[in-house]
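Biologist: I would like to learn how to read helices and cores in a model. Could we go through one together?

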Amino acid sequence: MTIGYIGLGVMGGAIVRRLLRQHTVHVYDTNPVCMDALAGEGATPAAELADLARQCGVLMLCLPTSADVRRVLLSPGGLVESVAPGAMVIDQTTGDPGETLEMAAELHRRDITLVDAPVVGGPSAAAEGKLAILCGGSDDSVNRIRPLLESISPFLLHCGPTGSAHMLKLIKNGISTCNRLLTYECATLGYKYGLPLDVISRVVNRSLGRNVASERILPRLSSYGQTASLRLGLALKDIDLAVEVGADYGVPMLSANAARALVEIGMHQMGASANIDELAHVYERMAGVTFGTR
Amino acid sequence: MSADASRRLVGFVGLGSISRAIVSRLLGKSIDCTCVADELASGNFHGSGATPAPSAAVVVRSADIVFLDISEAIRRGATLSGPGGLKEALSPGKVVVLLSEDGPEDVAAAGEELAVTGAIVLDAAHAGDAGALGTDAAPVLLSGPEAGCSIVSATLAAAGVSVDVCGNKVGAARMLNVLDTTLFAGCMMATFEGIALGRKMNLSLATMTEAINAGSGRNFTSSVILPAMIAGDSCEPAPVSGLLKCLRSFTSIGTVAGAPTIFASLTRSLVTNGVRRYGGSATIPHLLHLVESMADSGNDSPAGVIRAVKQ
């Protein structure tokens, strides 16, 4: 199968590098710098999206939003006008499950199959082949692309029908953001009470409160060590989408809404390009403390 | 007090989860215990070697180290101060370990009141899976003056009970318990919220659990409680009533200390709602049902939640 990859940002680029170990990959991005970088690593740059669509039986996308995916696929001049019937589209965007379902139906009418396959893990996990890939689609569809996806990482979870993987990615992101902010909240009160951060870390990370955020954050909080690679602007986009989808489905997203507000405050205070670890400062400012020295 | 840790008499007023775990270990190593508690006459400890005492004051007067459940003592008519109060029974050199589900500030205040007698006052708490209490995985947390912590640690070590000395301030152990429990409860309710959303798309609990645990969403609820639910097993690492006490402490201390309690307040409201709706014996599946009912995800009762989980 001939693979085309559209969207060569932090995660898209990392995934393409992983694919290049076993496949020929045609790539496209509006940013020529990203294209040139991956061309230098063996990817085949496409001059236009239509060229890529004509050559490739599998089109993979990793774009900022589902609206971007729709624009690239289905707008006038979009990929569907050039791609051959029977092609597969794999959407690795952190997308809107409702939008994904609608696009899948529209693509199906053109005999094109859409599978949502967002990933869990960052660029370093991608480089090490340790991403978890969530898949949404029929059994036949997922089985068709399973070898391809497993060349990125062996950790594949077929979540259900199309859209289910995007839903699970949002659920995971929402819980993860809440875990992080809850960890800051508990550390802040403990610190104000006079408990050393290393004692809080030692007790919590052996107890009921332990979670991935507490395991990563608490041992490094006094040194403001980096625990993740995610900009606040993107973090807000993701939690915003989770809240919106919750509203669409009639689920009161109380915790996610609280998280959304705090992430937005962080973004306003520190900037959209600040790393998610900077959210510790939101709590520091509210409580009038500093956990350590920068 | 005997210099030999294994020859110290340990007394217990009340037999809550911490005390029960310690008494079992002490008796197993033939270390003398004297207890006053309703549980003593029940099947658990009757005839096991623990010496029954007629009153809290007798326990306090006779033991070298006293694990004192303040609420239990008061329930039995004891007072801290005044004629016949527990303070009268204390003397310099005794070690009192306060156990309480009250707030850390209340524990600290009780500690100050008792410390004027010259006794060494500590507090103890637990912040892990109650089933593993006293093991290296879930040690008893201890805080207070170093001399007292050393004495108690040595005695408990002789009985094979793991201890984590976490500070020299009375109330610190309870505070750590409050922090840990609040973090657990908050992550749990956020996880249940995600589960409710996934249910609306008919995602299975097994799939959701696996996806959450594959990445940064993993927490105690997703990695222990949900798999237990899927297997049809019970998993109640902490009573819901205990969660609520910790959440109330967190929010009240936060307000006084000037620390934000955004998630703690939200979680407290939800758990309070759960207790009001399902009663004082509400369980963790009840809280999942509460969240799902707010989303109208189709499960008509906590049992319905469990039935759906098994599908």
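**Reading helices and cores**

Modeller: This is a predicted model. In helix H1(A), the buried residues are Met11(A), Gly12(A), Gly13(A), Ala14(A), Ile15(A), Val16(A), Arg18(A) and Leu19(A).

Biologist: How many of the ten residues of H1 in chain A are buried?

Modeller: Eight are, and the helix, which spans residues 10-19, is mostly covered.

Biologist: What describes two packed helices?

Modeller: The angle between their axes and the distance between the axes. Here, H8 of chain A (residues 164-193) packs with H10 of chain B (residues 240-257) at an angle of about 60°, and the axes are 10 Å apart. H8(A) and H10(B) are therefore oblique to each other. Their crossing is left-handed.

Biologist: Which residues of H8(A) and H10(B) meet?

Modeller: From H8(A) come Glu185(A), Cys186(A), Leu189(A) and Lys192(A); from H10(B) come Phe250(B), Ile253(B), Gly254(B) and Ala257(B). Sorted by class, five residues in this contact are nonpolar, one is polar and two are charged.

Biologist: Which residues touch the most other members of the largest nonpolar core?

Modeller: That core has 110 residues, and the ones you ask about are Leu181(A), Phe192(B) and Phe263(B). The helix that gives the most to this core is H7 of chain B (residues 172-200), with 17 residues. Another core, of 57 residues, lies apart from it and includes Ile15(A), Tyr28(A), Ala125(A) and Leu149(A).

Biologist: What is Phe192(B) in contact with, leaving aside neighbours within four places in sequence?

Modeller: Its contacts are Thr221(B), Leu226(B), Met229(B), Ile284(B), Leu287(B), Leu288(B) and Val291(B).

How values were computed
Residues numbered from 1 in each chain as written. Chains lettered and ligands numbered in written order. Predicted model: local features only at pLDDT ≥ 70, side-chain atom pairs only at ≥ 80, totals over all residues. Heavy atoms only, no water. Buried < 20%, exposed > 50% of the residue type's maximum accessible area, 1.4 Å probe, protein only. Helix = DSSP H or I, 4+ residues; strand = E, 2+ residues; numbered from the N terminus. Axes fitted to C-alpha atoms, helices over the stretch in contact; angles between N-to-C directions. Parallel < 35°, antiparallel > 145°, perpendicular 65-115°, else oblique. Left-handed = near helix turned anticlockwise from the far one by under 90°. Contact = heavy atoms within 4.5 Å. Nonpolar A, V, L, I, M, F, W, Y, C, P; charged D, E, K, R; others polar. Core = buried A, V, L, I, M, F, W, Y, C linked by side-chain atoms within 4.5 Å.
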